[in-house]
Amino acid sequence: MDIPFRRFAQDTAKGLGVGFGFFVSVVLIMMLLGLYRIDSIGTDKPMQIVSAFFLFLLVGTGEEILFRGVLFRWIDEKWGYVAALTVSSVVFGFIHLSEPNATLWSSLAIAVEAGLLLGAAYKYSGTLWLPIGIHWAWNFTQGNIFGFEVSGKDLGASLLKSTVSGPDWLTGGAFGAEASFIPVFLGLLLSAWYIWKIHRLHVEAIEGT
């Protein structure tokens, strides 16, 4: 199941950095566009934030095992990683249609910004630890640091209290930042980088034979 313990610390740390950096970039762009304003710093619910940190580890691990470790891997072995990336991303995105305030656009956005990214990261690294780390930090950072809804759900406890205003296609509206065009664009760029790295590994493997 592509979760070798020897890669746990290294790949999970990389994933945490990518997931955290991703949503910091999203928020910085929103701030530059006047869409996100920090009102206060601090929380009166520290234990809720600590609990969420470990809860999102469980969520990220469970979903990555299912969507990348099982679905992606099975399709990859039968029809190749392009088919695996496409199908697993679409399924991952549209499974979120059942979430609060979900729309066809929010599901498509998750398929593109998260499904592609997590699938490409898994294929590149060869282990689930990298996408688990990305997924874990992605949810925790947007919800419990910056105060956005996570897949339409208000977590109720974050380190920053903020005001978000602007058109839904840029802020994500009631579903949260995941339905914004900004992470979709950034996710495409990052996914393209991982796909390029996968291609380079393939070329190097051929040249080495």
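## Packing of helices H1 and H7

Helix H1 (residues 8-32) and helix H7 (residues 181-207) pack with their axes 10 Å apart and at an angle of about 140°. H1 and H7 are therefore oblique to each other, a class that takes the angles left over once those under 35 degrees (roughly parallel), over 145 (roughly antiparallel) and 65 to 115 (roughly perpendicular) are assigned. The crossing of H1 and H7 is right-handed.

This is a predicted model: local features need pLDDT of at least 70, side-chain atom pairs count only at pLDDT 80 or more, and totals for chains, interfaces and linings use all residues. Residues are numbered from 1 along each chain as its sequence is written, and side-chain values use heavy atoms, with hydrogens and water left out.

## The largest pocket

The largest pocket has a volume of about 240 Å³. Its lining comprises 19 residues, of which Val59, His96, Asn139, Val150 and Ser151 are the closest to the centre; lining residues have an atom within 4 Å of a point on a 1 Å grid.

By class, the lining of the largest pocket divides into ten nonpolar, five charged and four polar residues. Helix H2 (46-79), H4 and H5 each supply at least two residues of this lining.

## Leu128

Leu128 is located in the loop between helix H4 (104-125) and helix H5 (129-145). Leu128 has a relative accessible area of 0% and is therefore buried (under 20% relative accessible area, with a 1.4 Å probe and protein chains only). Leu128 and Arg7 are 121 residues apart in sequence, and their C-alpha atoms are 9.4 Å apart in space.

Conventions
Helices (H or I, at least four residues) and strands (E, at least two) are DSSP runs, numbered from the N terminus. Buried means under 20% relative accessible area, exposed over 50%, partly exposed in between (1.4 Å probe, protein chains only). On a 1 Å grid over the protein atoms alone, a cavity is a set of points where a 1.4 Å probe fits but cannot get out, and a pocket is an open set with protein on both sides within 12 Å along at least five of seven lines; lining residues have an atom within 4 Å of a point. Grid points are joined across faces, edges and corners, and a volume is the space filled by probe spheres set on the points. Ala, Val, Leu, Ile, Met, Phe, Trp, Tyr, Cys and Pro count as nonpolar, Asp, Glu, Lys and Arg as charged, and the others, Gly among them, as polar. Axes are lines fitted to C-alpha atoms, for helices over the stretch in contact, and angles run from 0 to 180 degrees between N-to-C directions. A crossing is left-handed if the near helix is turned anticlockwise from the far one by less than a right angle, and right-handed if clockwise.
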